[in-house]
Structures are given as C-alpha cells and as structure tokens.
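Visitor: I would like to be walked through a few local features before I plan my reading of this model.
Guide: Let us take them one at a time, with the structure in view.

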Amino acid sequence: MAIKFNSNIQNAYLGQGKIRQDTLTELAKDALSINKKLVEATRHSIFSGAPGVGKTWTFTLLIKQHKLRFVIITAGMSEIEITSRLAYGRANLKKGEELIILVDDADDVVFDNIKSLNRWKIATADIDPYWSYPKDISTTIIKAEKSKNFGLAKALKSFRTAGSLGLDIPLDRARVIILCNTDLEDEKALSKKMFSSAEAVIDRFKYERLEMPWQEKWGWLAHVLSNSQPFEEDYGVVLDDLQKKELLNFLYTNWINLKSRHGASYRFVQKLAEEQVNNPDDYLDRWARMVK
Amino acid sequence: MKDPFANFEFPTEQEINEATRRAKISHTSKVKMQYDKSFQESKLRGGRKAGETKRKVPVADYKKIIMEYWDRDTMRPLRLNQTIADRYGVKFGVIDNIIMNVKNTLSDSEYNKLVKRYRDKFGGQSEVAKLVHKEGLRDAVAAGKNISIAKNTVSRADALVIYDKSFSCAEGRTHKFYQKLAKEYGVSMGKIQGVVNGHHPALSDKDVKADVRQHEIKYLGIYKFTSPQGKEYVFDNLYDLGAWLWQTEHGITDKTSQQNWGKGRMWFEQTEPNVLYVKQRRFWKGWEYINIIAKNT
C-alpha cells in the first residue's frame, strides 16, 4: 500500500523510486540468472554505486525469494573465513545448481590491493577458475572437527590437494557478484596501477554503475520502506504508515544535514526506525543527534 | 539448513601462519619419521646416540682446549676447532666459544698474551690463507685433477682413458672400480658410468657390447656348472650364461642380449669362474631352472 505525502514533489519522487527499484530488480535478476537468457557472454557482474542505491538490499531480497544457493562475503572477513565459506558452499552444491558468490562492500575485499584483485581475477577466469588458499588448512579442519562442525570439515577436506598444505576450490559453477562503492571507471578513485588492473577485471564482468540525484535516492528509500517492514521478520514489530511517513519526511527535510557524504542508505533508515520503535517518547531528539 | 559458521571460531591469522611454517619445515622430517627408524629414534633423543645424555664439554677441559688451540710450537692445522669438536661430539661453535674465551676461562690479559704470542709466531688470517693455498685445498676443489668438479664434465681425452681403463683389468667393469675412477677424476659416479658405457661424444665409434664381451672372455674365464643331477654346463661368458638362463625360464625369445647379460650378471657376477656357488641364496633361482631343464631333458 502506497503512502501519500502532502507535497506533490515528494509523491513524484516516490513514483520515480518505484521505477528505479524495478530497473534495479531487472538488472539483478539478469545478474543472478533468474531471467533465463539464451546466451551469456560473461557470468560475473559488478554493481558499483554510492551507499543507498539499494544494491545489497535488492540482491539479498532476490536471493532469499528465489532460494538460490549463495555465499556472502563482506569486508572484514579473514582469508580463511572466505575460503571456508566458499568451500562449504561449493561442496554442498547440488546437480545443476550454481553458487552465487555475493561480495558485499568489495572495495576492501577485492579492490584493496593488486594481490587481492588478482585472486579474484583467477576466481573469475574464463578457463579453469579456482580459489586457491596456500596456507595450512589442517588447523581449521581440526577446529571444525572439535566443535563438531563436521560439514565444514568434510567440505575443507574434499578440496585438499595432495602434497600441499592448502586447498584449491574450483569455481566453474560459481557466479560472482561484486557490490562496491568505488567508481571503477574513475581514474581518481583508484591508484594508477590498480586502475589498469581494474580495467582488465571490468572487462570480464558485466559492469553497472548506479548513480542518481539525492531526491531519487530518497524516492527509492521511500518506495522500499513503504512496501516493506524492516523488523517484521525478526522481531514481529510492524511500523504503521504514519510512522513511516514521519520518518521519510524527516529524512527528506534533513537530507542536506546527513553525516554521510553519500546520503542515507536503507541501513540508516533501519537505524531511524529502530529509534522510533524503541524510544517512542524521545525519538525525535535522538534523530536530531543522528544528523549534523 | 543450519548455518555451520554460526558459532564457529576461525583460527587466527597468526595461528595459521605458525602452522604453515611448521608444516613447511617439517615436511622432510615427516617423511623421514615414517620410514627411517634410526632418524625417528635420534629425533626423540634430540640427535644423541642411544643411552647418551646431553653432550657437553667438561668445564675442566676448557683451559686444555684453549692451550691446544693457541699455545703451540707448530702452526695449527686447518679446522682444528672441528677436530676438537668431533673429539667431544659437539658442534664446532661450542669449541669456537671456548677458544675465543667467551666463557672467561682465562683472564683477559692472560688470554690476549696467548693470542698475541701465537700470531707473532705464525701470523694471522693471511697466513692461514697461504696455508690453504699451499696445501692446494682450494685448487683441488676448483679443479679436481684434470676435470672441474664444479662442471662435472669429462674431457674427450679423459673419456678415452677412462673407457680403456675399465677394460684393463678383471674388476674394471665393477661398481667399485667406477667409484675409484670417479674419485680419481673428481666427477660424479653417474658420469663415469656413462663414459664406461660409451655415452660420450669421444666414444661414438666404440662397440661397447663387443668390448664387454671380449672383456668377459679375457678376464672372467669360463663358467662351468654341474647340476645336482650331475649334468655339466659350460659357458665362456656371462652373456651366454644369461641367455641360457633366460631361455630356460621363457623358452627361446627374441630378447636382446643386453637382458641376457643382465640375467647372467645378476646371479653370477663377482663369483669366481669355475666355482659353484650353490649354497648362496642368490643363486638358488638359477639352479631351480637348471633342475627343471635337467628333469625335462
């Protein structure tokens, strides 16, 4: 059910937000191979865009909706954690299935340095793509077995190569989707060396740069929030339309004062909503503290 | 499906790096630990012999060692510290420390006097270098005798000599003789084996098989066997003997004489001609065939 704002401009942007969301969903469906296509030049894709354009939100939603087998890799994960997740995901792949590797906030995971970039190059190569982990894996296997995590231990063991310490995970049945903030076509955003390497990477991915003015961003957030319940699934708490409208109006009027350079993301909206639910008496004060 | 990563604590980067380092170092040791029993035992004992406690140079001997090293009438031989270390069964670094008075065995003035006296008499490091030169140690390493050990090559002239030498005496075609040649010419054993088998550009016109056969006939004499059944067999070389053994086993085939030689040599090489070695285990097989043939014929 749609929310109606008092201002016509706001309503117009809300409409724009819906169109934006539909376009993004289509792009994401293409990337996830939900839309079956006759031919496909490259499986992997990169979605680049400032926070708040709905990358993560759309992809996680679609993955959940279509029950795809996936692995999420985010910034801050250690090398062994990434390797373990990939191994577990690949080992439990059923016949005919594809593994979606969603690399969220990839600016740190992939585009941090040449070394990590090259690893992902190998992982998405056309011929014989694999994820290689050269360090000792037995420590992790032992830990997994001790904590009765036999599934993980089995997965790690199955990719162990004879005569070496680590493991090689074949990624021929994987679809890598990289979500990042950096504009990879912007020379200033990357170092010179990284820029030339990144060009080669972009070449083997479908590259999509998502950019929009702040009003449209707000429109998208308004559309998403008006059609969803951020806390219903986990906590059973439902926001009513009045609450949503108040939140969105606050966001609209305070957008210039936001602390983040790129504007608000859906996560920020969730934070605002959290205050609204938890502190019904003084949430306005708390909101005021969250902006400049 | 239950999330396997929910409460799983991954090993830290430090733990993994440490494990990787350990695994890389001990790879050879692991292999040795599996197959080499003596290595296994010595590893458990920290490299010491059975029943041996940790080796130490007795403190009472420190002064004796210092004196042996510095207080001399003659110039000390090279690597004396290693010689002393071998005597006590310790690493030479231990002896080095003692002779440099690191353990404060002597007072500083006393020690300095001792060292000065030796150096005045025999000179310092340059004298040692001269000694190395005089004894030809470095030259020997660099040049071998005629051939550079570093290059491990045999010259054309040497190849011809080595080849001829191998046919010059009865034991010329044996492993032991090849070892001797290898030492003499300062090359590896494999090089010598190659040369005596004609694998050298200088030997391209040699017929090795014919030469070996002639050598057999000349030096190794006649092999005469009497089977337990009383039948007598006579062969003038190991080729023929090998061929006969092969045929008793497989019937007449078109196998090359090289294999015949192998068979004959395997069972009868280094046995004196005209002597029957029926008691040795390694010849039993040959006699089994002989028995079979005796029964059949």
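Predicted model: local features only at pLDDT ≥ 70, side-chain atom pairs only at ≥ 80, totals over all residues.

Visitor: How are helix α4 and helix α7 of chain B oriented relative to each other?
Guide: The axes of α4(B), residues 62-70, and α7(B), residues 108-122, come within 9 Å and cross at roughly 25°. Because angles under 35 degrees count as roughly parallel, the description of α4(B) relative to α7(B) is roughly parallel.

Visitor: How many nonpolar residues are in the contact of α4(B) with α7(B)?
Guide: On the α4(B) side the contact is made by Lys63(B), Ile66(B), Met67(B), Tyr69(B) and Trp70(B), while α7(B) contributes Glu110(B), Tyr111(B), Leu114(B), Val115(B), Tyr118(B) and Arg119(B). Sorted by class, the contact has three charged residues and no polar ones, and the nonpolar residues number eight.

Visitor: Where do the buried residues of helix α6 of chain B lie around its axis?
Guide: In α6(B), residues 92-99, the buried residues are Ile95(B), Asp96(B), Ile98(B) and Ile99(B). Seen down the axis they fall within an arc of 165°, so they line one face of the helix.

Visitor: Which helices of chain B do the buried residues of α6(B) pack against?
Guide: The residues in question are Ile95(B), Asp96(B), Ile98(B) and Ile99(B). Their packing partners in chain B are α4, α5 (80-88) and α7.

Visitor: Which residue of β5(A) is the bridge partner of Ser132(A)?
Guide: Strand β4(A), residues 130-133, runs antiparallel to β5(A) and is joined to it by four bridges. On β5(A), residues 167-170, the covered face holds Leu167(A) and Ile169(A), and the uncovered face holds Asp168(A) and Pro170(A). The bridge partner of Ser132(A) is Asp168(A).

Technical notes. Residues numbered from 1 in each chain as written. Chains lettered and ligands numbered in written order. Heavy atoms only, no water. Buried < 20%, exposed > 50% of the residue type's maximum accessible area, 1.4 Å probe, protein only. Helix = DSSP H or I, 4+ residues; strand = E, 2+ residues; numbered from the N terminus. Pairing = 2+ DSSP bridges. Axes fitted to C-alpha atoms, helices over the stretch in contact; angles between N-to-C directions. Parallel < 35°, antiparallel > 145°, perpendicular 65-115°, else oblique. Contact = heavy atoms within 4.5 Å. Nonpolar A, V, L, I, M, F, W, Y, C, P; charged D, E, K, R; others polar. Arc of directions from axis to C-beta.
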